[in-house]
Amino acid sequence: MSAPASKPATSRGVLTMGIAAALLSATGQATPKTLARLVELGLPDIAARAILHAAPVILIIGAVIIGRALGRGQSKLVRGVIYALCGMVAGFFTAYCLDLLVGVPAAIEALNGPLAEPDVIEIALWTYGAIVISMGLMVAVIATFGPPGAQAINLEDDLDPEALDIRKAERASFGLSAVGLVAMGVASIALSIARQSADGAVLGPCLIAIAAGLVGVLLSFVLWSRLDELQRRQVVDAYATSAVLFTLVAFGLVVAQALDVAPPFDAGAVFVGLSITQLVATFVATASFAGKARAERRPA
Amino acid sequence: MKNQLRVLRAQRSWSQADLAEKLNVSRQTINAIETGRYDPSLPLAFTIARLFGLTIEAIFSPEDPEAHD
């Protein structure tokens with residue numbers, strides 16, 4: 001039997017998440033409206049700012065701990081949904097406290113000119129880009145450090161045995177996957193910047209989006225050639241599921257648009273809709289498979 | 001599909017990772033085959049049979065043998 005699968009794993013991910021939340025908080029500045037409300041309540045400005053910087057860190061750690069408690073004993077898929085919901089709540093309150101990454105828009109505007117306020121599709125492009133870049137960084141940690149890296153970002157007591165059994169030979173694939181994810185995230189964000197830019201400043205972000213997209217597609221081909229038959233089946237299952245899901249969602253949107261209750265359905269919406277659906281479908285395909293396989297490994 | 005993979009592997013004191021390396025697949029795939037979650041392709045089944053020096057039928061058998069009569 002595979003010995004590493006029975007190794008006890010610690011949930012170091014909570015600490016890692018706390019450090020990441022603190023770093024994220026350090027990039028932000030207090031949301032003016034919330035800050036004004038706290039000052040109106042009689043808090044000194046410095047204290048109000050300190051609270052608004054500390055609250056998201058506590059909220060994010062709290063969300064992870066609540067997610068762990070609620071997800072205990074549930075399937076991987078259900079646990080994933082619980083974590084996503086806890087993350088959404090923490091994200092909502094974090095946005096209420098802080099404007100994060102405040103230096104980024106200013107840096108982009110300095111390079112490429114002023115950006116228009118993002119619409120729903122552009123917010124989705126930014127969100128998708130941020131999610132896949134974060135995922136890419138996590139995969140990069142595993143690729144670089146192997147099982148200790150997987151343990152460092154694990155949120156649960158029970159680490160997936162697959163993560164503990166990563167062979168050195170497989171780390172290269174993780175590295176390629178990490179670069180591919182970051183490239184697709186950069187492409188998505190560059191597309192949003194192109195849409196938000198003035199007419200004369202569209203070419204630069206478009207070229208970056210095309211270059212990053214090409215890197216992502218090329219690495220997908222290389223990764224596909226390295227997958228074994230089960231992994232390929234999971235990818236194909238995920239794509240098949242996402243095609244069905246996206247067709248249903250698109251149908252609903254077309255109906256909503258005909259009824260004049262949905263905004264125009266443009267190419268950006270198609271790209272980000274498909275990308276997010278594929279991300280979710282891949283998670284569902286692999287999580288549901290891993291859950292079943294793990295359940296069958298349990299002793300009777 | 002039932003299979004004798006876990007038994008054959010244990011007889012040789014191979015870990016799932018060892019067998020995965022010999023077959024050039026992931027450990028996840030070995031685990032999935034052993035737990036009956038995944039039926040290997042014919043080429044992989046032949047490779048497995050060759051590795052253990054057995055026929056495919058000696059390793060893999062249908063859950064309901066009568067279904068194949």
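The structure is a predicted model, in which local features need pLDDT of at least 70 and side-chain atom pairs count only at pLDDT 80 or more, while totals for chains, interfaces and linings use all residues. Residues are numbered from 1 along each chain as its sequence is written, and chains are lettered from A and ligands numbered from 1 in the order in which they are written.

Two packed helices are described by the angle between their axes and the distance between the axes. For helix H2 (residues 32-40) and helix H3 (residues 45-71) of chain A, the axes come within 9 Å and cross at roughly 130°. Axes here are lines fitted to C-alpha atoms, for helices over the stretch in contact, with angles from 0 to 180 degrees between N-to-C directions. H2(A) is therefore oblique to H3(A), a term for angles that are not under 35 degrees (roughly parallel), over 145 (roughly antiparallel) or 65 to 115 (roughly perpendicular). From H2(A), the contact involves Thr34(A), Leu35(A), Leu38(A) and Val39(A); from H3(A), it involves Asp45(A), Ala48(A), Arg49(A), Ile51(A) and Leu52(A). Two residues are in contact if their C-beta atoms, placed from the backbone, lie within 7 Å. These residues comprise 6 nonpolar, 1 polar and 2 charged; Ala, Val, Leu, Ile, Met, Phe, Trp, Tyr, Cys and Pro count as nonpolar, Asp, Glu, Lys and Arg as charged, and the others, Gly among them, as polar.

Chain A as a whole contains 12 helices and 2 strands, which are DSSP runs numbered from the N terminus (helices H or I, at least four residues; strands E, at least two). Of its 300 residues, 27% are buried, that is, with 20 or more other C-beta atoms within 10 Å of their own; 12 or fewer make a residue exposed, and values in between partly exposed, with C-beta atoms placed from the backbone.

Ala238(A) belongs to helix H11 of chain A. This residue counts as buried because it has 20 C-beta neighbours inside 10 Å. Beyond its neighbours within four places in sequence, Ala238(A) is in contact with Gln278(A), Ala281(A), Thr282(A) and Ala285(A).

Asp260(A), in the loop between helix H11 (229-258) and helix H12 (267-297) of chain A, has a positive phi of about 70° although it is not a glycine. Asp260(A) is exposed, with 6 other C-beta atoms within 10 Å.
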